[in-house]
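The entries follow the order in which I checked things.

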Amino acid sequence: MGVLKAKGVVYRPVDEVDLGPESDEFYLHPEVKAPRMAGFVVKVFAWFLELPILGGILLYFLKRNNLIHKLVSFADIQEPPLFVPFHLYEGIVEKEVKCIDSDLSAPQKVQHAFDCIQSSLENVPKNIPPLNFRRWTILDYAKAYTSRETTPTMVAHRFIASVQDSSSPKMKMSFFINFNVEDILTQAAESTLRYERGEPISVLDGVPVAVKDEIDCTPYPTTGGTKWMHKVRQCNKDACCVNRLRLCGAIIVGKTNMHELGAGISGINPHYGAARNPYDKSKITGGSSSGSAAVVAAGLCPVALGVDGGGSVRLPAALCGVVGFKPTFARVPLDGVLPINYTVGMIGILAATVEDSLIAYAAMAGNLVPSDHSGITVPKIYLPLLKSANYTSSDVKIAKYGKWFDDCSDDIRICCSNAVAELSNKYGWKTVDVTIPEIEVMRLSHYLTIGSECSQSIATYLDKNKEELGWDVRVGLSVYGSFHSHEYLNAQKIRNRQLRFHQKIFSVADVIVTPTVGVTAYTIGDDSLKTGELDYVNGAALVRFQIAGNFLGLPAVTIPIGYDKSGLPIGLQFIGKPWSESMLIYIASAMQALCITECKKPEVFYDLLAKE
């Protein structure tokens, strides 16, 4: 293919690139050249790609036509590669925070988080008029149990009945891959006894928490959304993050559905069903943490765990109208998570409210286990004092790249622009106009990176298990396997380059603001149910604002702020400096305070705390 080799871009050194609002840097809108495929068509395409000669030719032109060759593979980049986005702690000065030691037990950290939110459970309101609708929170569950209004066992029975209803032929919501009634009831009975003795472990005691089926959690196999992964890799113990929640008394209620191998963003899984959006059953949830977002939106859990490798927590959170929070790379140990995207994937939290995400984050954050980046020191944990927050007294600076921000549907652009304006009007926060260069280059470099890591991690299993994969994933793995070492190396040079750009942006602002996604949830095609689907146009729009959080290891959070004309949720995202989780949660809480009264009840919703 040397004759057809695309000429690569020659990138200017980082220090010569203007990041100001008047920069001459060109914003490249993604021009994805790949039609939507599902059903028989995607099968044929997968067969062609897997042919030795024809497949290689097709893959070459796919990569060239979608600018991977020009912008990444054959680019001339001066910066050295950065292979792992671990950040040294630079001593961020934060006000109105509580600093806690990473060595504290999970229940102790949860207690500190609770103290940042409420003085006592007695202060948790039963209702907050004039809200149209609100989901039950962790503190609502804790108060209901403490006051004997209900018990964890009663909630468990309601949960089981609700999941069975959601899985009925009429509903087909496909929230879970696996849940064990006996295990749930056993955990609930133990929690109920603790409350009867007046000895709950923490406010998480008895609270239902769901776990993405990419994270180890006994007594369940870890399938990764496949039909074979659990046969070649045994789950013998809880992942570190699950263990820390369990130590707090949380009831682990099962393994949620996900896009197979995390290799897609629709949540359509041909093996376990298409996870459906509680706001409209005909729409996607987004993915790959599809079931985790949906169970929170539908009221089945106030918190669920996901893994965010390319927006896989924040994206479905935005489409399903819930909070999605992804901490800094290495803040939460990855021990016990499928190692399929090890430099871009991070544990993330899907939650009913910002406060719920804070409690779950406090439980899981802390020192790494030996298998996770041994020798790395993680800084102490800072928690925002939300109960005494005075948002108008804060001098928060929000960076906004207008051309990038506006590259979304009109409904999303208007809704998100109004939300940012409200932060300025209500709190006096300042918006700083900036330019973030090479956004599309970063997306392609991340795609090359996550694809290479996924392909490498499962390569030894493919010969025996390829026939059991969904057809969309087979196409994806063909593309992933076509990347070469020099392309991966250039992608890591782009990673370093982008990190330096972002460091400059963070020298003039506290956070970067964007819409969370470029489009709202789209319709699930009947032709995709048995094969999966390839929709790279919608895919590029959905991940457009996600990549920095993963590729650069930065913390990020999405908050539901409104709805499009069809009533589908819209999210706003804040991307923070490394280790600035406290600031992000503080800002998210401020945004939530302005939008929560407009929250609408989903079409599919289960009230686990309803009185008889």
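I took helices (H or I, at least four residues) and strands (E, at least two) as DSSP runs, numbered from the N terminus. The model is predicted, so I noted that local features need pLDDT of at least 70 and side-chain atom pairs count only at pLDDT 80 or more, while totals for chains, interfaces and linings use all residues. Residues are numbered from 1 along each chain as its sequence is written, and side-chain values use heavy atoms, with hydrogens and water left out.

Entry one: cavities. I counted a cavity as a set of points, on a 1 Å grid over the protein atoms alone, where a 1.4 Å probe fits but cannot get out; lining residues have an atom within 4 Å of a point. Grid points are joined across faces, edges and corners, and a volume is the space filled by probe spheres set on the points. I found 7 cavities of 30 Å³ or more.

I listed 19 lining residues, and Gly321, Pro560, Cys595, Ile596 and Cys599 lie nearest the centre. Strand 18 (556-563) and helix 20 (581-595) each supply at least two lining residues. Which element gives the most to this lining? I found that strand 18 does, with 5 residues.

Of its 14 lining residues, Trp404, Ile439, Glu440, Arg443 and Arg544 are the closest to its centre. Helix 15 (439-465) and helix 19 (547-551) give two or more residues each. Helix 15 gives the most, with 4 residues.

Conventions: 1 Å grid on protein atoms, 1.4 Å probe; cavity = no way out; pocket = protein on both sides within 12 Å on 5 of 7 lines; lining within 4 Å.
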